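Hi everyone, thanks for making time for this. I'd like to walk you through one structure, so please have the viewer open.

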Amino acid sequence: MYRYLSSSLLGRRVRHRRLNPFCLHPGSGGCSRWEEEKKEDGVKWTQLEHRGPYFAPLYEPLPDDVQFYYDGKPLKLSLATEEIATFYAKMLDHEYTTKEIFQNNFFNDWRKEMTLKEQDIIKDLDKCDFREIHKYFVDKSEARKALSKEEKQKLKEEADKIQEEYGYCILDGHREKIGNFKTEPPGLFRGRGDHPKMGMLKKRIMPEDVVINCSKDSKIPEPPEGHKWKEVRFDNTVTWLASWTENIQNTLKYIMLNPSSKLKGEKDWQKYEVARRLKDVVHKIRAQYRADWKSKEMKKRQRAVALYFIDKLALRAGNEKEEGETADTVGCCSLRVEHIKLHPKLDGQEHVVEFDFLGKDSIRYYNKVSVEKLVFKNLELFMKNKDPGDDLFDRLNTSILNRHLQSLMDGLSAKVFRTYNASITLQEQLKALTNSEDNVAGKLLSYNRANRAVAILCNHQRSTPKTFEKSMQNLQTKIDAKKQQVEEAQQELKKAEDEFEETKDAKAEANVEKKKKLLKRLEEQLAKLNVQATDKEENKQIALGTSKLNYLDPRISIAWCKKFGVPIEKIYNKTQREKFAWAIDMADEDFEF
């Protein structure tokens, strides 16, 4: 279902200007997007024109010599059944396909799509043999990697053509880049952590599922031939270009502007400015919730303890869910008695609370933390005469908490606390860990350690990558080889020094200097490799990217780079530098969050 439409939109290009929120360089031509007249409240744009989404290609059947086997015998599958079989086959070497819940969900959904004849035959996943299909896709992947430079260039040109056709829109006269302009292809849902829906079938998105949003005076995108859109809207109070509902969790998915766009940049900047405003009132808020620990109203006490957890542990508030909607995930307000254990003394600490629950995306939150005595006493009170399945904060929900937060500061939410604490932690850790005498590799290790402190605070975990052991082995091989080179260089230097002692001539002296420089360079390379190994090992189960892109004010990182002479591209890749162009322009080395 590839879509190639005319390129009239491309003929209407407007020069893409650099994000520059405060017009730091008057007359540069890069300020007009930010200086344009502000629209009335709620209005995001007056003109929006785009091509609509680029749909995933239709399924290509397997070659006749690639077969699926059931109970040891080849079985020709219908097209729809075969396509879903390939989803599972592609994942045979992945940990997911070893999990019972993944296998059960896949098999249940797969059987629903089978013909009646196939349902009569295929009744046991253990009797299904996907290995030949798996090998076919592995070979196909290897063949792609082995393509010649010219063939790869041709593929790149085709991808660039699609990007040009569908990857840009016209927003208020400016050509803006679109973020995710392709619909997600069908496949098997993975989820994070131990998600109860892992393995379920993600269905193909069709034009009939898609709502288009554009301006009335624009050329409305044409659906692929033989299809029609679910709906076309003209809603200038939202920033999405297209939307649909995915079938696994029944949530809305959107095609949005690229993070480097004006609207996204402004939103990002405002988010961090709200968090910075919290800095001015946070001491007052903390004093208030501490006072409320002694309140005569149970509702206030519970609210105050919950707010302490959100502040101290960066817990999410926890939105209410309908019965059985998704996994049994909770946040602060929805904690149950069974999710915490109280220890008057543990591991040499007093008043320890042991948390154990599934948070967002079914990621386990496990933490043992020493809390203030009044918090501990209140928790004992909240748990009294309750069953394990009862709510810990039975007088509190997210709506009550959010109304309270709004009363403390305009725009305040649990997420703002999270952003504030993450950014402050990074800034403090960078000050404590960075040694100005270190080389760039040493400074980057300090940066990643500071970032890791934030990721731990925010519980941003990941599974150890499949390739971790192999990449560590490769790195260790490089380290061993470099050590050998250093030893040889040391011997060569000793030999050159002995020769100089004997001859005292200029040529021998120059040789000593040459050998010293070589040894120094090799030692620096070895130190860099050792730093990489340390960094890789320390971060194998921590997702540094989530906090870096969503919770850390980029101006802190950019100021640190400028202050300590670290190239910004060592922290942010090209796409991330485009996303944070506003911060790169704004922050100097003295920026303080």
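Let me begin with a question: which side chain joins that of tyrosine 551 in a polar contact of 3.2 Å? It is the side chain of arginine 418. Before going on, please keep in mind that this is a predicted model.

Why start with tyrosine 551? An unreviewed UniProt entry annotates Tyr551 as "active site". On the chain, tyrosine 551 sits in the loop that runs between α15 (544-550) and α16 (554-564). Is tyrosine 551 buried or exposed? Its relative accessibility is 6%, so tyrosine 551 counts as buried, the cut-off for that being under 20%.

Next, the pocket that I'd like us to look at together. Rolling a probe the size of a water molecule over the atoms shows where empty space is left. The second largest pocket in this model has a volume of about 1100 Å³. Its lining is made up of 33 residues, and the closest to the centre are Pro57, Lys90, Phe137, Lys140 and Arg144. Which elements give two or more residues to that lining? They are α2 (79-90), α5 (131-145) and β7 (187-188). Of the contributions to the lining of the second largest pocket, α5 makes the biggest, with nine residues.

Aspartate 129 belongs to strand β4, residues 128-129. With a relative accessible area of 19%, aspartate 129 is buried, given that the cut-off is under 20%. Its side chain makes a polar contact of 2.9 Å with the side chain of arginine 131.

Now for the coiled-coil annotation. The unreviewed UniProt entry lists residues 138-165 and 472-539 under "coiled-coil region".

Histidine 351 has a phi of about 55 degrees, although it is not a glycine. You will find histidine 351 in strand β14, residues 349-358, and its relative accessible area of 17% makes it buried. Lysine 504 is also not a glycine, and its phi is positive at about 60 degrees. Lysine 504 lies in the loop between α13 (468-503) and α14 (506-538). Is lysine 504 buried or exposed? At 52% relative accessibility, lysine 504 counts as exposed, because the cut-off for exposed is over 50%.

One last stop, at proline 224. Proline 224 is in the loop between β9 (211-213) and β10 (231-233), and counts as buried at 10% relative accessibility. Along the chain, proline 224 and methionine 206 are 18 residues apart, while 9.6 Å separates their C-alpha atoms.

That's my tour, and I'm happy to go back to any of these places with you.

Technical notes:
Residues numbered from 1 in each chain as written. Predicted model: local features only at pLDDT ≥ 70, side-chain atom pairs only at ≥ 80, totals over all residues. Heavy atoms only, no water. UniProt positions renumbered as here; feature names shortened; annotations may be inferred. Helix = DSSP H or I, 4+ residues; strand = E, 2+ residues; numbered from the N terminus. Buried < 20%, exposed > 50% of the residue type's maximum accessible area, 1.4 Å probe, protein only. Polar contact = N/O pair within 3.5 Å; in protein donor to acceptor, adjacent residues only side chain to side chain. 1 Å grid on protein atoms, 1.4 Å probe; cavity = no way out; pocket = protein on both sides within 12 Å on 5 of 7 lines; lining within 4 Å. Points joined across faces, edges and corners; volume = space filled by probe spheres on them.
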